[in-house]
Amino acid sequence: MTEFDLIRRYFTRATPGALLGVGDDAALLRASAGSVLAVSSDMLVSGTHFFPDAEPFLLGHKTLAVNLSDMAAMGAQPRWATLAIALPSVNNAGADDAWLEKFSAGFFSLAQRYGVELVGGDTTRGPLNLCVTIMGEVPQGGALLRSGAQAGDEIWVSGYLGDAALALAHLQGRIALSESDLDICAQALHRPQPRVELGLALRGIASSAIDISDGLLADLGHILEASRMGAQIDLVKLPASRPVAGYLGQQTGIQCVLAGGDDYELCFTAHPARHAEVSGIAAKLKLPLTNIGTIVARQGCIVFDAAGNPLKLERAGYEHFR
């Protein structure tokens with residue numbers, strides 16, 4: 001099977017939303033009137049971002065999901081994507097027809113759900129490496145940015161934090177979860193749900209936003225840096241699933257919710273006057289949205305424990321070069 005056979009068989013679909021999709025030297029796209037393009041790239045590397053024996057359908061899902069999460073954080077409607085993929089082999093144990101079939105099925109299942117068209121990319125032989133560039137549309141001046149947080153704003157997070165990190169701790173042998181608890185946490189690790197609908201609903205309401213990929217404190221820190229603000233967080237307010245809540249009395253659980261990463265939830269800020277609107281969005285989307293703290297004028301982020309004492313943490317989040 002040649003490179004072009006592989007592309008035609010597994011990664012070519014109709015692209016009615018593009019002027020020209022897969023099959024030429026570049027795609028041709030047209031943004032809707034009054035909108036600007038939001039563009040982001042994310043790379044997943046075998047052994048760094050996923051286990052080499054990862055189930056290919058779930059890996060296909062996650063490859064697109066982590067990019068959709070960036071669109072959600074910008075309040076952008078996802079439209080198009082490109083996929084660059086390095087494969088160890090073709091028609092061999094590393095990347096055979098069955099693997100490609102399942103991977104592309106996982107990718108396109110999520111793409112169809114959010115109306116994303118794959119309009120190009122690249123394939124080559126090499127260690128398994130997956131890189132998506134995603135493009136979306138957002139009304140001019142309507143994007144959610146990291147730089148808009150103001151003193152007094154409430155800090156919110158969606159969903160639950162720490163599940164993916166707890167599952168990883170189990171898989172790495174650092175803790176031992178029951179089968180039922182692992183099932184709950186592994187869903188977050190292997191099949192994250194991008195909060196696209198939430199990002200769209202927060203346009204004009206949130207003052208800043210970011211997706212939580214490297215850990216709550218690390219990613220909230222990007223908002224604080226861009227906005228030149230600080231934050232106060234209450235540990236007892238952090239939303240945790242039953243398995244994670246069972247570990248919150250230990251450093252493992254605290255690190256998972258604050259710095260574990262791979263959550264792909266949204267962290268956003270909003271003026272207190274918007275509290276009822278945010279609660280209304282939570283009810284409409286049937287998605288937990290939790291107010292975990294407040295933006296303050298001074299620099300830095302302080303997390304208070306149940307007794308009101310500042311916590312000392314081993315690390316704030318995942319860092320690629322440490």
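**View A. Aspartate 214, a buried loop residue.** Aspartate 214 has 19% relative accessibility and therefore counts as buried (under 20% relative accessible area, 1.4 Å probe, protein chains only). Its place is the loop between strand 6 (208-211) and helix 7 (216-227); helices (H or I, at least four residues) and strands (E, at least two) are DSSP runs numbered from the N terminus. This is a predicted model, in which local features need pLDDT of at least 70 and side-chain atom pairs count only at pLDDT 80 or more, while totals for chains, interfaces and linings use all residues. Residues are numbered from 1 along each chain as its sequence is written, and side-chain values use heavy atoms, leaving out hydrogens and water.

View B. Look for alanine 84, opposite cysteine 131 in strand 4.

**View C. An aromatic cluster of Phe11, Trp99 and Phe103.** Rings of Phe, Tyr and Trp (its six-membered ring) pair if their centres lie within 6.5 Å; planes under 30 degrees apart count as stacked, over 60 as edge-to-face and the rest as tilted. Phenylalanine 11 and phenylalanine 103 have ring centres 6.2 Å apart and planes at 70°, so they are edge-to-face. Tryptophan 99 and phenylalanine 103 are stacked, because their planes are at 5°, with centres 5.1 Å apart. Phenylalanine 103 is buried, at 0%.

Note on methods: Buried < 20%, exposed > 50% of the residue type's maximum accessible area, 1.4 Å probe, protein only. Pairing = 2+ DSSP bridges.
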